[in-house]
Amino acid sequence: MYLYGASGHARVIVDMLSASGLKVDAMFDDDVSIKELMSIPVRHHWQGESPIIISIGNNVTRKQIAEKLNCEFFTAIHPSAVVSPSARLGDGSVVMQGAIVQSGTSIGRHCIINTGASVDHECVIEDYVHVSPKATLCGNVHVGEGAWIGAAAVVIPGVKIGKWCTIGAGSVVVSDIPDGAIAYGNPCRVRNDGKHCQPKKMGRIAIYGAGGLGREVAGGIERINKAGTELWDFVGFYDDGLPIGTQVSHYGSILGGMDELNAIQEPLALAIAIGTPQIRISLVGRITNPLITYPNLIAPSFRVLDPKTFKIGKGNIIQDNCSVTCDIVIGDFNVLNGSNALGHDVTVGSHNVFMPGVRLSGEVIVGDCNLMGVDSVVLQKISVGNNITLGAGSVLMTKPKDNATYIGVPAKKFNYE
Ligand SMILES: CC(C)(COP(=O)(O)OP(=O)(O)OC[C@H]1O[C@@H](n2cnc3c(N)ncnc32)[C@H](O)[C@@H]1OP(=O)(O)O)[C@@H](O)C(=O)NCCC(=O)NCCS
């Protein structure tokens, strides 16, 4: 028996299984820093082990993992739970300590009926629903896919709760709730426009470049998906330097090179994960297939002080912990590779690569195809042209010449002879 997800929720499932005499052999978790939980080893590469329970409380993440794993899922009921013989329970669902599921109720796949929850007669609970501890669903309630019913909420008979809703803890739901709503209170009322918690399906995405940056971008896509507002379907990597089928870490495999990319027959979003500006620009020029689009992949931790004055083009990759202030313009196909800070009135052209820790002071203008090294700084009002390389840790204090390398503090033109 295996669990996917090594968190607090997994602890409860370990106890549940152990009460039925079942032992968990190992857990899986994407977080490589977790090595064990409750003395059970935690692995980081799933290789088909089953049966498995996805022990993750977040409904969006549980769905993403379920769609990735092609295996047998285990359905678990704690011995203290009461489940009617006429109730149906889908694969991978769990009914926890003291919960009650009454006659004629149907529960979908990968649902959580949490501690002491009560689901009365003839309810229909769709896939990936979480009914939190002590929540009470009266008879004939319908709960849509992915909805989260908060702890101790009460839903009166016959109410329909939409897909991917959140119902606040302690709410009393007396009327239908539309898809995607966040609703709470007694009586329970919708508090948002119904869009907030429904992840937007973004479609298929691939990465060109299967090196270190490629893996970082793949991890970034996973992070975006986990945040729950956008949901990408990552299909794999394109790279002209590796044979088709080569596995790239645990993210996916090589689907082909430029020829295969230009031959695809269905729409595909593409992230270009190459760290050399000149190669980035030439790659974009070689992609001729009109089915390929270039979204901005922006880490959920990205902070924009003034969204009203922020402008951004397409094909940009913004990794974790970057921040920009006000009146910022970013062109196309740039990489901000983590912890970059851009001050007021900064304009960035296209195809630039900023390594981690780059800081641009106020009113800096950056042209195209520049590479800024780790922790480099450009002082205020400097205008950087095109094809500059700024060395790691350098501080650029005067306007540089195009097509040159600058290093040091203050940064000086570097002659290779
Ligand atoms: C509904 C919920 C998701 C809202 O979270 P949120 O968007 O972060 O909301 P905030 O905490 O910012 O609160 C916003 C306002 O709503 C109120 N509010 C939040 N949750 C509420 C609830 N369940 N009932 C009544 N009012 C609630 C807050 O008091 C606050 O009011 P204010 O603006 O007058 O100060 C959350 O509060 C909740 O109830 N989650 C369920 C937790 C749970 O059951 N977990 C079970 C784990 S197994």
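**Strand 29**

My opening question: is strand 29 (residues 268–272) largely enclosed by the rest of the structure or left open, and why? I note first that I am working from a predicted model. I checked the strand for burial, and four of its five residues are buried, so strand 29 is largely enclosed by the rest of the structure. The cut-off I needed here is 20 or more other C-beta atoms within 10 Å of a residue's own.

Next I looked up the neighbours of strand 29. Strand 25 (residues 200–208) runs parallel to strand 29, and four bridges join them. Ile205 has Ala269 as its bridge partner in strand 29. Strand 30 (residues 292–293) is also parallel to strand 29, joined to it by two bridges. Ala269 turns up again here, with Thr293 in strand 30 as its bridge partner. I then followed the chain from strand 29 to strand 30: the path goes through helix 5 (residues 277–286), and this β-α-β crossover is right-handed.

**The whole chain**

I stepped back for the overall numbers. The chain has 417 residues, and 41% of them count as buried. I get five helices and 49 strands for the secondary structure. Along the principal axes, the C-alpha atoms fill a box of roughly 80 × 45 × 45 Å. I also looked at contacts between residues at least 6 apart in sequence: 25% of these join residues at least 24 apart.

Ser118 stands opposite Thr136 of strand 16.

There is also an open sheet of five strands, again with parallel pairing, in the order 8-11-14-17-20. Strand 8 (88–89) and strand 20 (160–161) are the edge strands, each pairing on one side only. I looked at strand 14 (residues 124–125) and strand 17 (residues 142–143), which pair in the parallel sense over two bridges. Here Ile125 stands opposite Val143 of strand 17.

A reminder to myself: strands of a sheet pair through backbone hydrogen bonds, either parallel or antiparallel.

**The nonpolar core**

Which residues touch the most other members of the largest nonpolar core? I find Val94, Ile113, Val131 and Ile167, out of 56 residues in this core. Among the elements that each supply at least two core residues are strand 1 (2–4), helix 2 (59–68), strand 9 (94–95) and strand 12 (112–113). Helix 1 gives the largest share, four residues.

Most residues other than glycine have a negative phi, and most peptide bonds are trans. I went looking for exceptions.

- Tyr128 is not a glycine, but has a positive phi of about 65 degrees. Tyr128 is in the loop between strand 14 and strand 15 (130–131), and it counts as buried because 29 other C-beta atoms lie within 10 Å.
- Asp375 also has a positive phi, near 60 degrees. Asp375 lies in the loop between strand 43 (371–372) and strand 44 (377–378), and with 16 other C-beta atoms within 10 Å it is partly exposed.
- Asn186 and Pro187 are joined by a cis peptide bond, with omega about 0 degrees. I place Pro187 in the loop between strand 23 (182–184) and strand 24 (189–190).
- Val409 and Pro410 are joined by a cis peptide bond too, with omega about -5 degrees. Pro410 is in the loop between strand 48 (405–407) and strand 49 (412–413).

**Lys308**

I find Lys308 in the loop between strand 32 (303–304) and strand 33 (311–312). Lys308 and Cys326 are 18 residues apart in sequence, and their C-alpha atoms are 8.4 Å apart.

Terms used
Residues numbered from 1 in each chain as written. Predicted model: local features only at pLDDT ≥ 70, side-chain atom pairs only at ≥ 80, totals over all residues. Buried ≥ 20, exposed ≤ 12 C-beta atoms within 10 Å, placed from the backbone. Contact = placed C-beta atoms within 7 Å. Pairing = 2+ DSSP bridges. Right-handed = clockwise from strand over helix to strand, strands pointing away. Core = buried A, V, L, I, M, F, W, Y, C linked by C-beta atoms within 7 Å.
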